[in-house]
Amino acid sequence: MAGRIKDDDIQLVRERARIDEIVEQYVTLKNAGGGARKGLCPFHDEKSPSFNVRPVQGFYHCFGCGASGDVYKFLMEIEGLTFVEAVERLAVKVGITLHYEEGASTGPRRDPQQRPRLLEAHREAGAFYAAALQSSADAEVGRQFVKDRGFDQSAAEKFGMGFAPRGGEALVAHLKAKGFTDDELMVGGLAARGSRGLYDRFRGRLLWPIREMTGEIIGFGARRMFDDDRVEAKYLNTSETPIYKKSQVLYGLDLARRSISSSGQAVIVEGYTDVMACHEAGVTTAVATCGTAFGEDHARVMRRLMLDDQAFHGEVIFTFDGDEAGQRAALKTFSGDQQFVAQTYVAVEPRGMDPCDLRLADGDAAVRELVASRIPLYRFVLDNMLSKYDLDRGDQRVDAVREAVSLASAIRDKSKVDELLREIAGRVGTDIEQVRAEHRKRTSAGPAKVAQPVTGEAAAPAEPPSQAVSFGAPQFSDEREALKAIVQYPHLAREHADELDDNDFTHFVSKYLWKHIQGMTWPTGPDSNWLPRLAETVQDEDARRVLSVAAVEPMRARESNTAAVVASVILRLQMLTCGRRITEIKSKLQRTNPIEQAEPYNRMFGELIALEQQFRTLRDRSLGGDIPS
């Protein structure tokens with residue numbers, strides 16, 4: 001059983017761990033104005049960025065799926081951690097030693113030091129293997145392999161290449177001397193247990209460290225070097241561990257991520273040496289999967305890095321061998337092509353060479369030319385599809401057209417459909433109208449096979465109560481702006497808070513939130529813990545969603561002078577309240593007889609004069625600020 005982490009430590013870690021820096025390890029963020037940053041949501045598939053991060057407030061919110069929270073919530077959701085594990089993970093990152101309260105049990109949990117210990121073990125293993133490659137006698141075969149593949153020592157060092165000694169116990173002895181336990185070595189996949197005890201997982205193999213985007217080593221890929229290696233597989237990869245999930249890892253991404261993000265291009269190759277060859281040739285956007293096919297999780301990683309959306313014309317370029325296996329891989333990729341909105345291409349060397357072989361044969365320029373000669377993936381698939389038919393025969397041409405037009409329905413960019421139909425007609429040698437007719441026939445039959453959204457009463461949401469008007473309605477825009485000013489800049493709003501009262505907020509959600517805000521201690525300066533503390537007090541789900549949006553949505557006014565903007569929107573809210581009161585009193589005065597009801601009439605008239613003066617004062621004060629239009 002473990003003690004509860006002290007609240008002061010939780011707050012200190014949250015203050016030190018910038019939420020945008022943590023999020024950027026998983027998502028490419030771009031400036032969105034007003035201090036906000038924006039990217040593709042990692043929690044749901046989307047075509048345009050709706051995931052907003054507010055570094056000053058330490059909060060994130062997705063306007064697409066509604067996901068929101070602070071830096072702890074983000075780590076919990078994206079890594080599947082408990083709250084305690086998220087705090088411990090971040091504490092290690094920002095260099096804070098946590099203190100636990102004795103007797104406050106949180107129940108069984110993982111060792112908080114497991115991940116940092118496993119990462120440290122892999123760092124030590126990476127250094128050990130790299131040193132062995134440079135100096136070990138039996139690593140000569142590895143050094144020769146590196147040289148034969150066209151790489152020098154600097155390239156090997158850049159990619160952290162190493163060599164596992166043949167004896168099978170050298171790494172275990174080295175790491176145990178460093179204080180690592182048998183369990184740590186086995187859980188991390190660095191060692192295994194046999195009849196004679198613990199032994200090195202990799203023996204007599206050339207190694208490539210597999211890294212997270214952050215650069216931390218989480219596993220290794222190992223190539224067979226000796227004929228007497230008892231494991232016949234040409235390549236071995238680290239098995240899945242608490243820190244290594246092969247379906248989510250791309251080799252070389254730590255080196256390529258910035259180039260991918262800035263250029264909007266990703267080149268997917270098939271092996272470690274292909275990644276090295278591309279980078280050495282100047283194609284610094286190359287990555288590879290680690291012993292598994294390119295899948296949905298890999299696609300999500302790419303999309304987040306590329307900010308893949310409909311207004312963004314990026315490129316995902318696959319390099320496949322020209323053999324039958326490569327063609328099958330291309331067809332499989334095409335079937336999952338809807339994962340990308342970016343244009344998807346394929347680059348195949350006519351002689352069937354992979355990037356590493358091509359660089360050896362023809363040099364760096366040939367690798368760059370291979371990538372530049374990419375063709376749309378659908379065209380590559382079409383070529384392979386038509387190759388199955390004897391196009392000299394009329395019946396075969398008909399069959400070829402029928403199969404080929406099926407490609408059109410998979411093309412994301414509908415403006416290119418007719419171009420593809422013309423291409424089919426030209427390649428098959430038939431009339432374009434015949435191809436169009438076949439396409440129309442197929443598309444008219446297609447929708448019946450596709451699951452359609454539920455319509456009618458079954459899909460209709462419950463009718464909301466008449467008084468429950470959405471807080472997003474236009475009449476509440478000024479309340480929304482004031483709420484954003486308060487939760488994003490409480491230290492600037494505090495001096496105006498005393499002038500607000502319950503009547504300034506008219507929607508039940510904003511009234512609810514304002515009562516919780518009033519119960520908070522207002523900070524005197526920027527405080528990344530204030531908003532999470534406020535969020536913890538809000539139990540109503542609707543109010544929590546509104547608070548999440550208010551925390552990250554940019555204010556409408558330009559923030560050239562943030563203090564003036566905050567003052568201005570709060571003054572505007574007070575003006576509206578004052579204006580409503582003036583309208584109410586004027587209405588009552590119209591219904592009051594000044595002779596028969598002189599006393600209440602005169603009292604209301606005096607109140608009207610005072611309110612109109614107050615309105616003018618508020619208006620004059622607001623002229624010094626930047627009132628949102």
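Colleague: Is Cys-278 buried or exposed?

Modeller: In this predicted model, Cys-278 has a relative accessible area of 1%. Buried means under 20%, so Cys-278 counts as buried.

Colleague: How many disulfides does the structure hold?

Modeller: A disulfide is a covalent bond between the sulfur atoms of two cysteines. The count here is zero. For Cys-278, the nearest cysteine sulfur belongs to Cys-356, 9.3 Å away.

Colleague: Which cysteine sulfur is nearest to that of Cys-41, and how is the pair read?

Modeller: The sulfur of Cys-62, at 3.6 Å. A disulfide needs the two sulfur atoms within 2.5 Å, so Cys-41 is in no disulfide. Cys-41 is also buried, with a relative accessible area of 4%.

Colleague: What share of the protein chain is buried?

Modeller: Of its 629 residues, 48% are buried. The chain exposes about 30400 Å², and carbon and sulfur atoms supply 48% of that area.

Colleague: Now contacts. Where does Ile-582 lie, and what is it in contact with beyond its neighbours within four places in sequence?

Modeller: Ile-582 is part of helix H25, which spans residues 562-590; the protein chain has 26 helices and 19 strands. With those sequence neighbours set aside, Ile-582 is in contact with Leu-608, Leu-611, Glu-612 and Phe-615. Ile-582 and Glu-612 are 30 residues apart in sequence, yet their C-alpha atoms are 7.1 Å apart. Ile-582 is buried as well, at 9% relative accessible area.

Colleague: And over the protein chain, what percentage of contacts between residues at least 6 apart in sequence join residues at least 24 apart?

Modeller: The figure is 67%.

Technical notes:
Residues numbered from 1 in each chain as written. Predicted model: local features only at pLDDT ≥ 70, side-chain atom pairs only at ≥ 80, totals over all residues. Heavy atoms only, no water. Helix = DSSP H or I, 4+ residues; strand = E, 2+ residues; numbered from the N terminus. Buried < 20%, exposed > 50% of the residue type's maximum accessible area, 1.4 Å probe, protein only. Contact = heavy atoms within 4.5 Å. Areas by Shrake-Rupley, 256 points an atom, 1.4 Å probe, with all protein chains shown as cover.
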